[in-house]
Amino acid sequence: MSWDEFGECMRFMLLFSRQGKLRLQKWYLATSDKERKKMVRELMQVVLARKPKMCSFLEWRDLKVVYKRYASLYFCCAIEGQDNELITLELIHRYVELLDKYFGSVCELDIIFNFEKAYFILDEFLMGGDVQDTSKKSVLKAIEQADLLQEEDESPRSVLEEMGLA
Amino acid sequence: TPVIQALWRPRREDYLRPGADTTAIMPAVSKGDGMRGLAVFISDIRNCKSKEAEIKRINKELANIRSKFKGDKALDGYSKKKYVCKLLFIFLLGHDIDFGHMEAVNLLSSNKYTEKQIGYLFISVLVNSNSELIRLINNAIKNDLASRNPTFMCLALHCIANVGSREMGEAFAADIPRILVAGDSMDSVKQSAALCLLRLYKASPDLVPMGEWTARVVHLLNDQHMGVVTAAVSLITCLCKKNPDDFKTCISLAVSRLSRIVSSASTDLQDYTYYFVPAPWLSVKLLRLLQCYPPPEDAAVKGRLVECLETVLNKAQEPPKSKKVQHSNAKNAILFETISLIIHYDSEPNLLVRACNQLGQFLQHRETNLRYLALESMCTLASSEFSHEAVKTHIDTVINALKTERDVSVRQRAADLLYAMCDRSNAKQIVSEMLRYLETADYAIREEIVLKVAILAEKYAVDYSWYVDTILNLIRIAGDYVSEEVWYRVLQIVTNRDDVQGYAAKTVFEALQAPACHENMVKVGGYILGEFGNLIAGDPRSSPPVQFSLLHSKFHLCSVATRALLLSTYIKFINLFPETKATIQGVLRAGSQLRNADVELQQRAVEYLTLSSVASTDVLATVLEEMPPFPERESSILAKLKRKKGPGAASALDDGRRDPSSNDINGGVEPTPSTVSTPSPSADLLGLRAAPPPAAPPASAGAGNLLVDVFDGPAAQPSLGPTPEEAFLRFVCKNNGVLFENQLLQIGVKSEFRQNLGRMYLFYGNKTSVQFQNFSPTVVHPGDLQTHILSAPPALRSQVDGGAQVQQVLNIECLRDFLTPPLLSVRFRYGGAPQALTLKLPVTINKFFQPTEMAAQDFFQRWKQLSLPQQEAQKIFKANHPMDAEVTKAKLLGFGSALLDNVDPNPENFVGAGIIQTKALQVGCLLRLEPNAQAQMYRLTLRTSKESVSRHLCELLAQQF
């Protein structure tokens with residue numbers, strides 16, 4: 001399936017570490033598990049082999065890959081031929097800013113341990129591979145509202161309860 | 001804003017040591033609810049020292065979760081949530097998850113927000129289009145959509161967009177437009193609804209009902225909330241692509257929105273300003289939207305847009321408002337999109353040249369990204385006739401980039417651009433630079449460079465010795481990457497051109513002297529000497545025995561295929577040089593040949609030996625005659641380059657616009673329409689077992705003008721190689737014929753018109769042997785002509801197999817008189833590279849002519865009635881074709897008017913009358929054409945009741961003679 005005739009959109013976004021560990025994956029076009037794994041493996045290899053200061057764009061399969069490294073983590077978006085590379089690069093940056101603002105000096109561990117939050121933030125920002133809202137305030141407001149709802153939902157539990165011992 | 005890069009440091013990552021205390025490696029602050037069990041599990045996994053340990057730990061957890069889910073005790077929401085999160089985490093580690101879906105469905109049906117959210121997350125990450133499950137969640141989604149709780153509604157919309165399947169479309173496509181345009185929808189819900197609808201529309205456009213909401217969607221471009229506009233533009237762009245006419249009103253709205261953004265101060269837009277750049281995402285999206293249409297027709301709108309484009313170009317010259325790379329990236333994102341729009345319009349020479357100059361500055365920018373993008377963008381500019389020359393001025397910079405860039409992807413772009421900017425004036429320089437680059441080029445792109453050099457050398461060869469030198473250099477420098485297509489081609493060309501054969505023989509002979517020469521050189525050398533070795537045999541330094549022993553010295557190191565070819569060369573030598581017969585028979589007779597383990601070699605040795613022994617000299621001379629010229633086909637190298645990946649790989653050659661005056665464009669046609677396959681000039685063709693070569697060459701394709709024939713078409717078949725504009729003009733007076741043809745695609749047209757209705761059959765023929773993918777021809781109506789596509793399924797959104805033809809039927813209704821024809825936009829992928837072309841559909845106002853017979857008296861009476869100056873249009877012009885009365889008559893009849901005899905007192909003149917039928921009105925037309933054979937001029941006069949029609953008909957018709 002291809003969307004070419006309808007215009008462009010992001011195909012997927014990956015976050016992976018320097019060591020080649022996948023931290024987050026978001027697919028915007030139905031792709032089989034097998035194909036996903038293959039693509040992730042292949043693309044990580046290509047990107048990790050690149051040297052710093054190289055161009056942030058590369059042609060890969062029939063897609064264009066836009067990536068940027070933040071400390072230990074690579075953010076990597078696959079877009080279609082006609083898409084704007086620079087704005088995609090800034091889209092990555094805006095996402096990092098959102099994570100940073102939410103977690104407060106975000107680092108890889110925050111994303112590992114709170115992967116579901118990283119997903120929620122991404123979903124507020126992008127939908128179906130397209131930018132939903134670029135305002136940092138709007139996105140974070142939505143997330144914080146959700147956190148508030150969460151706190152109303154639940155009262156904190158004791159460690160024992162958590163371990164299922166209570 | 002803090003400098004993210006500094007903050008994004010691996011703070012706690014450093015604490016991580018294998019076997020460290022579990023608690024120490026958990027994040028100090030867990031945001032939100034902090035499911036502790038989940039954090040413990042994640043830490044455990046991170047502490048596993050081996051893959052096996054990790055798998056063991058995961059299996060233990062999976063067993064635990066399974067038992068919890070299956071257990072008798074009902075789990076509370078919190079536990080369910082925690083376990084589902086663990087499953088998600090396991091899935092993200094790359095393990096398969098085959099249970100837990102029911103619990104996730106359960107969660108998303110909960111009233112608690114956090115449970116719902118996790119439930120939706122699980123579904124959107126794990127499920128693609130498992131329809132069983134989708135049916136289960138549909139109900140919950142329905143409830144959430146109806147809940148009037150904006151957060152719940154957004155979650156549901158996200159889920160629909162994420163799954164995006166047809167089932168989802170069937171269930172919800174009808175509801176979402178309502179949510180999108182409802183007056184009481186919250187902004188955030190509108191944004192989600194717009195993008196959700198976009199996703200469903202992309203997946204199954206037929207499920208989204210068009211209706212009253214579409215007009216309101218367009219007006220979202222005016223929405224107060226920038227976020228809503230940002231989301232809506234994407235939807236509108238997609239709708240425009242499919243139904244350009246219905247959404248035409250968006251052009252002026254988009255232009256005025258863009259103009260407001262572009263002219264706003266850097267802080268006006270508050271949170272939508274990104275590093276001092278106002279609304280970069282929205283700007284880029286608006287510029288993309290405008291690329292769905294030709295330049296605005298309304299002069300005021302167009303003026304405003306051109307002003308915007310100029311402002312963007314001007315801003316690029318202003319000093320940056322911030323040193324941050326984010327600032328310049330956002331600013332340049334808009335600039336590049338602006339340049340794309342300028343290239344898309346391809347009608348404003350001034351803007352095109354400015355764009356080119358701007359890109360020229362970027363070519364030397366210190367940011368690698370900008371250099372990359374500038375090279376890429378310039379590639380498209382090179383194919384516009386307005387900017388081709390401007391692009392060429394940057395040749396030195398581009399060559400320098402090819403030599404010095406450290407990133408292979410940038411060098412690749414530079415090579416692409418050199419290829420695109422190449423023409424006769426700079427071919428020698430570009431080819432020699434590419435050859436030099438080839439010596440050190442990355443392995444990954446060598447083959448492509450070889451193909452490009454081979455094509456340029458052939459296309460722009462003025463003297464063929466240069467061409468032969470270039471190809472031999474290719475083999476010398478990058479022999480491994482010289483594919484069969486390339487060396488077959490040089491053999492074809494040498495065979496077909498007798499003025500280069502002697503030079504080729506001499507050159508290969510010299511090349512073979514090198515102690516280590518590439519096997520491809522041996523192949524080429526063997527073949528050429530076998531055919532034309534006699535041309536250099538007079539020189540004692542290259543006497544027949546010397547030629548033979550030189551070739552034979554390479555024999556033993558070569559592969560079977562090459563040795564087979566050399567055996568054929570040897571038998572040809574026996575015919576060319578009888579003095580070598582004894583030596584060669586000795587070689588053939590040797591046990592290593594006659595009893596060779598390879599059946600092909602053995603058979604050749606046996607057959608050749610027998611042939612040389614039993615056949616008379618005459619028979620031998622006939623059998624081993626020089627190869628006849630090869631039939632002309634598309635250059636197989638070009639076909640190969642097109643098959644290779646990489647947008648733009650072949651586009652420069654396919655683009656018929658470029659350099660329309662010269663004969664070296666490739667927008668033309670190959671003379672033989674059938675196949676692309678190349679006859680293999682390997683040994684078989686030398687013709688012992690096989691019959692004579694497959695096809696006799698056409699008489700016209702003599703050796704004299706090979707390249708012209710190969711690339712230009714017109715020389716061989718004059719009717720087939722017009723530019724798209726010429727082809728379009730020919731259709732003014734006829735209804736059937738070939739509208740477009742290049743090396744990939746042929747588009748034929750058959751049409752008939754009656755009153756204000758017409759039916760047009762478009763035939764798309766795939767001329768290659770490779771399947772076209774996503775083949776989608778669509779009709780765009782920039783004018784007032786309403787064209788309804790009634791039946792398009794066989795050609796729309798599908799594949800077209802190699803050699804196959806598909807048909808599309810357009811039903812056309814002329815609502816009112818019009819000037820611009822509708823456009824046919826054809827997009828498809830060929831060998832991975834996107835191809836796009838836009839043609840004028842041959843629908844002109846005269847198609848709706850109804851001829852009217854009338855007597856002289858009536859004619860003169862009406863002629864007088866139409867005597868207002870604006871009703872008449874007149875043109876005096878020089879004849880472009882021989883002035884033949886019969887041809888002229890045929891053209892006028894084809895144009896649609898009746899021809900009236902005995903009206904004009906001068907029998908040399910032509911007089912015609914007819915009525916143009918449109919739905920809204922009828923326009924009576926009278927015409928008079930006065931040829932002046934002495935002056936080779938015509939005077940054409942049109943009188944109609946409508947000024948614009950008179951002028952337009954006059955222009956159309958004047959171009960026909």
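This report describes the cores, the chain interface and several individual residues of a structure with chains A and B.

The model is predicted: local features need pLDDT of at least 70, side-chain atom pairs count only at pLDDT 80 or more, and totals for chains, interfaces and linings use all residues. Residues are numbered from 1 along each chain as its sequence is written, chains are lettered from A and ligands numbered from 1 in the order in which they are written, and side-chain values use heavy atoms, with hydrogens and water left out.

**Nonpolar cores**

A nonpolar core is a set of buried Ala, Val, Leu, Ile, Met, Phe, Trp, Tyr and Cys residues joined through side-chain atoms within 4.5 Å. Here buried means under 20% relative accessible area, exposed over 50%, and partly exposed in between, with a 1.4 Å probe and protein chains only. The largest nonpolar core holds 281 residues, and those touching the most other members are Tyr95(A), Ile123(B), Ile141(B), Leu180(B), Leu221(B) and Leu474(B). Another core, of 57 residues, lies apart from it and includes Cys733(B), Leu837(B), Leu892(B) and Phe961(B). Contact means heavy atoms within 4.5 Å. Leaving aside residues up to four places away in sequence, the contacts of Leu221(B) include Val229(B), Ile236(B), Arg257(B) and Leu286(B).

Leu286(B) is also one of the buried residues of H15(B). In this helix, 11 of its 11 residues are buried. Helices (H or I, at least four residues) and strands (E, at least two) are DSSP runs, numbered from the N terminus.

**The interface between the chains**

Chain B contributes 107 residues to the contact and chain A contributes 91 residues. About 8,900 Å² is buried between chain B and chain A, with carbon and sulfur atoms giving 55%; buried area is the accessible area (1.4 Å probe) that two parts lose on being put together, summed over both. Five salt bridges are counted between chain B and chain A, a salt bridge being a side-chain nitrogen of Lys or Arg within 4 Å of a carboxyl oxygen of Asp or Glu. Arg829(B) forms a salt bridge with Asp62(A), and their closest N and O atoms are 4.0 Å apart. On the side of chain B that touches chain A, helix H11 (residues 187-203) of chain B gives the largest share, nine residues.

**Individual residues**

| Residue | State | Relative accessible area |
|---|---|---|
| Asn766(B) | buried | 3% |
| Arg148(B) | exposed | 66% |
| Ala279(B) | buried | 4% |
| Thr944(B) | buried | 0% |

Asn766(B) belongs to strand S5 (residues 757-766) of chain B. A polar atom of the Asn766(B) side chain lies 3.1 Å from the backbone oxygen of Val800(B). Asn766(B) also touches Leu744(B); these two are 22 residues apart in sequence but 6.2 Å apart in space, C-alpha to C-alpha.

Thr944(B) is part of strand S17 (residues 937-944) of chain B. Its side chain makes a polar contact with that of Ser950(B), at 2.7 Å. A polar contact is a pair of N or O atoms within 3.5 Å; within protein, one must be able to donate a hydrogen and the other to accept it, and residues adjacent in sequence count only if both atoms are side-chain atoms.

Most residues other than glycine have a negative phi. Arg148(B), in the loop between helix H7 (131-146) and helix H8 (150-163) of chain B, has a positive phi of about 65 degrees. Ala279(B), in the loop between strand S2 (277-278) and helix H15 (280-290) of chain B, has a positive phi near 40 degrees.
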